[in-house]
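This report walks through a protein structure for someone who has not seen it before. Please look over the sequence and the structure shown here before reading on.

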Amino acid sequence: MATYGMLAEFAGAERLLEAARQTRAAGYSRIEAYSPMPVEDLAAAVGPFRDRIPMLTLIGGILGAVGGYFMQWYAATISYPINVGGRPLHSWPSFVPVTFETAVLGAALFAVFGMLALNRLPKLHHPLFNVPEFELASRNRFFLCIRCDDPRYQQQEVRRFFETLDPLLVREVPR
Amino acid sequence: MSNEVSVNYATVSDRIADLVLKRPSRWPWFVGFTLALLCSFAFFFACGWLFWKGPGIWGINIPVAWGYAISNFVWWIGIGHAGTFISAILLLLRQHWRTSINRFAEAMTLFAAGIAGIFPILHLGRPWFFYWLLPYPNVMELWPQWRSPLVWDIFAISTYLVVSLLFWYIGLIPDLATLRDRAKTRGRQIIYGLFALGWRGEARHWARHQSAYLLLAGIATPLVVSVHSVVSLDFAIGNTPGYHSTIFPPYFVAGALFSGFAMVLTLAIPLRHFFKLHDLITLEHLDNAAKVLLATGWLVAYGYFAEIFMGYYSADPFEIATVENRMTGPYAPIYWALIVCNVVVPQVLWQRRARRNVALLFGVAIVVNLGMWMERFMIVVSSLHRDYLPSSWDMFRPTGWDWTHLIGSIGMFAVLFLLFVRFLPAISIYEVREELHHRRMRHS
């Protein structure tokens, strides 16, 4: 396939959100929307979206906490027990600060690297960067793309459909 | 931000990106950078001499084994806290005015915490063995001592550094994409492009990005409280009179926010002046930061009061002697100077006129920075120099190397900050755009 999809440019966030909803309503399913800042409800407008980041963060936090505590317990009671005046080896209150820090560290690492992995980033190149106008997506313009792997994708028809949405521009995205 | 019609997505993007791409204010930047670089060379030289000769080049000895290095550590780590407070806690509280100042406050956090982390290592005596604090597989089958606050400390500081870096970087990714797309030269396109990780601003990407950003803010909030609490436990767990106090964790955290906001103002006011950012960092922002400074100043004042009260309430003659020694002993001028700097001077900020007088505000911020350094010095040194045994009492007198390390570290901080404002957007571009977007939605 020589194309990635069809791209339409819009002037505002509300226009993009409206266009995304109309595109979904028209039966297209492989849609992507691009904006220079986060726009509420846009992710849900372009398709079914489930945010897995909170769950990943929780898992990271739990792993960090359990791992941190286990490390201290293992070190203090099994691997390297030191008897300090007969005090208990498993002295849990003094293990709390490190457990807290490793929990935070685990949660933060999972949140950030989970976000990058689910977004398939880093990516050195993407077909959209072949469209010169797309550089405004990080400045002040809003873009909607119907990918060519959409079952209903037909070049002329998609272009005609986009023209009905009153875009600033419609471009085919070469691969 | 002003209500001018000219403020829209394009103009804010171009203005902030051009601070990096077009590099205005070349000469002031260059002069400041040269001075800062000289100071940081002095710092490196002093570190080299320290590694060669040992900590004896400082004024520390027994009984005052903790001198400037530990004061500097506590001071720097505290300065970092305001950045996390602004970017995380104010984000959760939906304080929209944070948007113009969070990015450089986060950079301040990162650099201050990094410099802070150097000082305990310099202070180790055998700094090349600093990794003994970390759990790592070793042939001696040794583990760190988990019951020691010094071990908690290295976990707290290194976690804080990593989380601050991640928080700062994921906020930067969309702005790096803006720089990549606006850059005209190939080299910049490639470098900013690599660091932007291929960010395109897709709707689902934004949703995950915002989710991760908010969650990081949520976990950075207790983290920042834990960091200076753990730092305070380095002192409070010991039984030295003047250290052994339960007020220490909140007292240290309040002092951290206080000194951090002073540093935010110290950086924001010149940044605003030299880069002409008066419409992005408005008087409203400075006013709000000054109010936080005033409020945290009172928390710190409460800490001073609680220390005195608890000293007497304990009925312990050594605790009482420490309190009285602080106020009337050989270090009394420092104690009273810090009371003036941290408690008396900030009271001018009750007046709206003072909060909106930029030069005066800058002066107050500098005074608070100095006062907070003296507070750290007072806590570290005045408790140690006279403890239980009068026969072991002695004075701490800083040497030239003590001063070189302090001033050099300020120079190094300035170098890092000046490089940051030259190569990265000092104000979060996408968050300003988002703020404009929200404002439009509210209007329509």
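## A helix pair in chain B

In which hand, left or right, does α4(B) cross α8(B)? The crossing is right-handed. This and everything below describes a predicted model.

Helix α4 of chain B covers residues 102-122, and helix α8 of chain B covers residues 248-274. Their axes lie 10 Å apart and form an angle of about 125°. Roughly perpendicular pairs end at 115 degrees and roughly antiparallel ones begin over 145, so α4(B) and α8(B) are classed as oblique to each other. On the α4(B) side the contact consists of B:F104, B:A105 and B:M108. These meet B:M263, B:V264, B:L267 and B:L271 of α8(B). Sorted by class, this contact holds seven nonpolar residues, with no polar and no charged ones.

## Chain A as a whole

Chain A contains five helices and four strands. Their order along the sequence is β-α-β-α-α-α-β-α-β. The radius of gyration of chain A is 25 Å, whereas the globule rule gives 16 Å for 175 residues, so chain A is more spread out than a compact globule.

Of the 175 residues in chain A, 41% are buried. Among the contacts in chain A with a separation of 6 or more, 79% are between residues 24 or more positions apart.

## Chain B as a whole

Chain B has 15 helices and zero strands. Its radius of gyration is 23 Å, close to the 22 Å that the globule rule gives for 444 residues, so chain B is as compact as a globular protein of that length. The C-alpha trace of chain B spans about 70 × 60 × 40 Å along its principal axes.

Buried residues account for 50% of the 444 residues of chain B. When contacts in chain B between residues at least 6 apart in sequence are considered, 81% join residues at least 24 apart.

## Where the two chains meet

From α4(A), the contact is made by A:P97, A:V98, A:E101, A:V104, A:L105, A:A108 and A:V112. From α5(B) come B:W152, B:F155, B:A156, B:T159, B:V162, B:V163, B:L166 and B:I170. The residues of this contact divide into 13 nonpolar, one polar and one charged.

Is B:H405 buried or exposed? B:H405 has 26 C-beta neighbours inside 10 Å, and the cut-off for a buried residue is 20 or more, so B:H405 counts as buried. B:H405 lies in helix α14 of chain B, residues 400-423. Apart from residues up to four places away in sequence, B:H405 touches B:F43, B:A46, B:Y68, B:A69 and B:N72. B:H405 and B:F44 are 361 residues apart in sequence, yet their C-alpha atoms are 8.7 Å apart in space.

B:V74 belongs to helix α3 of chain B, residues 68-92. With 29 C-beta neighbours inside 10 Å, B:V74 also counts as buried. Neighbours within four places in sequence aside, B:V74 is in contact with B:V231 and B:R376. The C-alpha atoms of B:V74 and B:W373 are separated by 8.6 Å, although these residues are 299 residues apart along the chain.

Technical notes. Residues are numbered from 1 along each chain as its sequence is written. Chains are lettered from A and ligands numbered from 1 in the order in which they are written. This is a predicted model: local features need pLDDT of at least 70, side-chain atom pairs count only at pLDDT 80 or more; totals for chains, interfaces and linings use all residues. Axes are lines fitted to C-alpha atoms, for helices over the stretch in contact, and angles run from 0 to 180 degrees between N-to-C directions. Helices (H or I, at least four residues) and strands (E, at least two) are DSSP runs, numbered from the N terminus. Angles under 35 degrees count as roughly parallel, over 145 as roughly antiparallel, 65 to 115 as roughly perpendicular and the rest as oblique. A crossing is left-handed if the near helix is turned anticlockwise from the far one by less than a right angle, and right-handed if clockwise. Two residues are in contact if their C-beta atoms, placed from the backbone, lie within 7 Å. Ala, Val, Leu, Ile, Met, Phe, Trp, Tyr, Cys and Pro count as nonpolar, Asp, Glu, Lys and Arg as charged, and the others, Gly among them, as polar. The radius of gyration is taken over C-alpha atoms; the globule rule is 2.2 Å times the number of residues to the power 0.38. A residue is buried if 20 or more other C-beta atoms lie within 10 Å of its own, exposed if 12 or fewer, and partly exposed in between; C-beta atoms are placed from the backbone.
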